Amino acid sequence: MLDYSTNVAGVKLEHPLMNAAGTCRLLAGDLSIRELVRTPTAAVMIGSITVTPREGNPGNVYWADNFYSLNSMGLPNPGLPYYEKNFHEMVALTHGVGKPLFVSVAGFTPHEYALLALKSVKGGVDLVELNLSCPNTWEGGNQNRIACFYPELVFAILGRVKREIGADAKVSVKLAPFSDPGILSEVAQVLKDTPLVKAVTAVNTFPNAFAVDPSGTSWITFADGFAGLAGTALKPIGLGQVKQLRSWLPNNVDIIGVGGISRGRDIVDYLSCGAKAVQIATALLERGPNVFSTMLSEYIDIVG
Ligand code: RRO
């Protein structure tokens, strides 16, 4: 038996491929935990979850073609009470098939991040991904800031979470794509200086992309059509972010690559730039759960 196993943040994975946040939120239904545990995904990632339930943004909030996807989902999820009630069963289901359960959490304040992280750890999840990069929430007509672009805010959130769950907890921080390498290096320095951070997930979608249909109307109807861009078009950006982060972060901080991964070749490319594992969202949403076995056999064909 060949060994394709890897390790992120001290969590062993059978191979490097798992689903990304934004693709699985519930115990039952479409792309639910029950469905994902029947696939060869290396881990099950749920969320992002928030303290209070959210319906998500109204209207057409997802669009994909061959080269990219756009979404303005707006964090739809049943909220922390649902997860507190169900973490036990979720963990039992995933551990029952030998997979770890990861949860992506999204707060609106440092306190909310800490609360979500604490309840997740108490619920028995194997890794908490702090989503500091959601591009799609608006309040009173104003778009919320994306936390990871503000090094002082990143510092405050990490400090608050560390106080609540301790520096030994298994935590990854999900970042947006940065166009300014200077700010990315500052944020990397903050991550490096916080022992809580065992991994970085790079990258989230590129904020406020826009596309029109042939009649000139935006595909996305919420927020004037602005939406996060993912899919194949994001891959060179994701690889560049992973490579920069790998050069700045110490070896005890792992990188989980995400952005435009849809073939075995893409997994190999992310690993060659320094990722230890990878996540898929658009490929999974577009092609369904069979995508894991297809991509894994392509990956194995390449790496032997
Ligand atoms: O829910 C969303 O709109 C969303 C989130 Br939280 C995120 O982190 N990234 C994204 O593309 N969409």
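The lining of the largest pocket holds 23 nonpolar, 20 polar and six charged residues. Here Ala, Val, Leu, Ile, Met, Phe, Trp, Tyr, Cys and Pro count as nonpolar, Asp, Glu, Lys and Arg as charged, and the others, Gly among them, as polar. The model is predicted: local features need pLDDT of at least 70, side-chain atom pairs pLDDT 80 or more, while totals for chains, interfaces and linings use all residues. Residues are numbered from 1 along each chain as its sequence is written, and side-chain values use heavy atoms, without hydrogens and water.

The space in this largest pocket is about 850 Å³. A pocket is an open set of points on a 1 Å grid over the protein atoms alone, where a 1.4 Å probe fits, with protein on both sides within 12 Å along at least five of seven lines; lining residues have an atom within 4 Å of a point. Its volume is the space filled by probe spheres set on the points, which are joined across faces, edges and corners. Of its 49 lining residues, A21, N71, A281, T282 and L285 are closest to the centre. Helix α8 gives the largest share of the lining, five residues. Helices (H or I, at least four residues) and strands (E, at least two) are DSSP runs, numbered from the N terminus.

The second largest pocket has a volume of about 240 Å³. Its lining has 18 residues, with G107, F108, Y113, R145 and A147 nearest the centre. Both α3 (110-122) and α4 (151-165) give two or more residues to this lining. By class, the lining has 11 nonpolar, six polar and one charged.
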